[in-house]
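Take a look at the model below.

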2 protein chains.
Amino acid sequence: MSNRFLRRASVHDIVQKLSAKAVLEHGLIEEGDRILIAVSGGKDSTVLAWVLSALRPVLKRRYELAAVHISSDFCACCKQSVLKDRLAQWDIPFTDLFVPIIGRLKEGRSMNCYWCSTQRRSELLNFAVENQYNKIALGHHLDDILETFFMNLMAKGEFSTMPLFLAYRNYPVSLIRPLGFVEEAQIIACADAKGILKAACTCPYGLNSERRRIRARLADFTDNSSAVKRRIFNAVEQLMPKIHPPL
Amino acid sequence: MSNRFLRRASVHDIVQKLSAKAVLEHGLIEEGDRILIAVSGGKDSTVLAWVLSALRPVLKRRYELAAVHISSDFCACCKQSVLKDRLAQWDIPFTDLFVPIIGRLKEGRSMNCYWCSTQRRSELLNFAVENQYNKIALGHHLDDILETFFMNLMAKGEFSTMPLFLAYRNYPVSLIRPLGFVEEAQIIACADAKGILKAACTCPYGLNSERRRIRARLADFTDNSSAVKRRIFNAVEQLMPKIHPPL
């Protein structure tokens with residue numbers, strides 16, 4: 001990842017190369033896949049949509065792309081038209097799915113991140129199954145994966161993290177994380193370079209505070225050194241079963 | 001480790017219980033063992049000598065103890081008589097072994113931690129073998145083991161650390177770390193409670209700076225929380241092969 005090409009390459013070339021590497025090494029995309037991209041309008045999922053579109057001529061396999069955005073009863077300010085137009089440029093059809101997340105709360109229960117994320121995840125899965133998508137692509141990047149690793153280590157005392165490929169047992173769907181080799185700083189630089197403006201609203205409940213705490217500490221711990229983070233990632237990657245051999 | 005007994009117990013009871021647990025779970029001491037304790041005169045190795053002596057009536061197996069101190073040509077200020085007297089109280093014979101660490105440097109080479117530690121380790125092994133000791137006990141504690149884990153993760157990109165039990169292939173000797181379940185803060189409290197004064201000189205070259213850096217960062221990262229450190233240790237402990245089944 002630190003070869004001469006990557007040092008001279010533009011940041012979107014780097015993001016594309018690293019995503020292709022993740023796809024090939026972890027067997028994330030196969031011929032004939034119907035891939036549903038979960039888009040929030042934020043930088044991560046928008047860059048994911050762009051890179052999956054850009055990789056189509058490169059990966060030498062045919063796959064279909066579509067994007068779904070989950071909007072909710074506490075977050076109606078997203079600039080959906082911006083998002084929809086941008087996806088259309090990349091030849092990715094867009095669906096907005098409304099989920100009444102607060103409306104579904106049982107009486108006396110208050111809103112929390114766990115409730116919101118399980119509601120969103122199950123709607124996403126149902127939508128994928130009903131519409132014959134066999135892969136759901138999520139925008140998690142290398143920093144997200146390291147943060148989850150350290151959160152699980154500190155809170156549960158176990159070595160585990162989000163894998164790049166996860167097959168569900170009870171659904172004919174797999175999760176893929178093609179940006180898993182890409183650092184957040186690279187995604188931000190890529191979004192800037194490609195003029196991708198943030199079109200997501202900020203969650204009014206704020207970023208999960210535990211994750212925010214870990215993010216800051218991990219930056220301190222590693223001096224925010226890309227080399228250190230990649231070395232840690234090399235170890236963490238070994239925790240992920242490579243279910244699909246390289247294609 | 002957080003049961004009611006331990007919360008009410010005195011700190012030297014806690015150190016004794018945790019060391020017994022490490023000995024039993026990792027099979028560190030067997031009937032008839034001849035154990036050589038590497039003592040620097042510092043708190044860790046002195047508490048180690050005390051606890052191995054205190055565990056003799058508890059562990060229901062006979063084992064012999066002896067202590068060796070390596071003194072060198074750049075460190076001649078140790079209060080060896082204090083150390084020797086204290087060990088005698090615990091019925092542990094003491095030997096001082098002089099190693100000319102600077103004197104052995106090849107011309108043009110300067111002193112460094114790696115040179116010093118390999119010289120000491122090989123002298124220790126030779127002394128153990130020549131005197132028919134089959135185990136060498138080292139005073140590394142839980143914090144040392146976590147620090148090594150994070151140093152290896154950040155510098156080498158691998159999950160590894162110092163095990164509680166290590167058999168040498170080329171010597172009829174094993175290394176054991178009976179204080180592996182004990183936190184440094186507990187060792188300090190135990191040394192204070194037992195009136196164990198530090199009798200080691202401070203290395204004039206200072207503590208390995210990389211380890212010192214990691215120590216401070218790990219304290220920040222975990223909020224110096226005992227519970228968090230023990231959860232991380234639970235995962236790290238799974239990396240250590242339990243060569244000896246629990247006895």
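The model is a predicted one. What does the axis do here? Any two copies of a chain are related by a rotation about an axis and a shift along it.

Now look at where the chains meet. Chain A brings 15 residues to the contact, and chain B brings 15 residues. On chain A, the elements that give two or more residues to the side touching chain B are helix 6 (142-156), helix 8 (209-221) and helix 9 (226-237). Helix 9 of chain A gives the largest share of that side, five residues. What classes of residue make up the side of chain A that touches chain B? Seven are nonpolar, three are polar and five are charged. Of the interface residues of chain A, 100% are also interface residues in chain B, so the copies meet through the same surface.

Next, turn to the nonpolar cores. The largest has 112 residues. Those with the most contacts inside this core are A:Ile37, A:Ile136, B:Ile37 and B:Ile136. Pick out A:Ile37. Leave aside its neighbours within four places in sequence, and A:Ile37 is in contact with A:Ser45, A:Leu48, A:Ala49, A:Leu52, A:Leu65, A:Ala67, A:Ile92 and A:Ala137.

Conventions. Residues are numbered from 1 along each chain as its sequence is written. Chains are lettered from A and ligands numbered from 1 in the order in which they are written. This is a predicted model: local features need pLDDT of at least 70, side-chain atom pairs count only at pLDDT 80 or more; totals for chains, interfaces and linings use all residues. Two residues are in contact if their C-beta atoms, placed from the backbone, lie within 7 Å. A nonpolar core is a set of buried Ala, Val, Leu, Ile, Met, Phe, Trp, Tyr and Cys residues joined through C-beta atoms within 7 Å. A residue is buried if 20 or more other C-beta atoms lie within 10 Å of its own, exposed if 12 or fewer, and partly exposed in between; C-beta atoms are placed from the backbone. Helices (H or I, at least four residues) and strands (E, at least two) are DSSP runs, numbered from the N terminus. Ala, Val, Leu, Ile, Met, Phe, Trp, Tyr, Cys and Pro count as nonpolar, Asp, Glu, Lys and Arg as charged, and the others, Gly among them, as polar.
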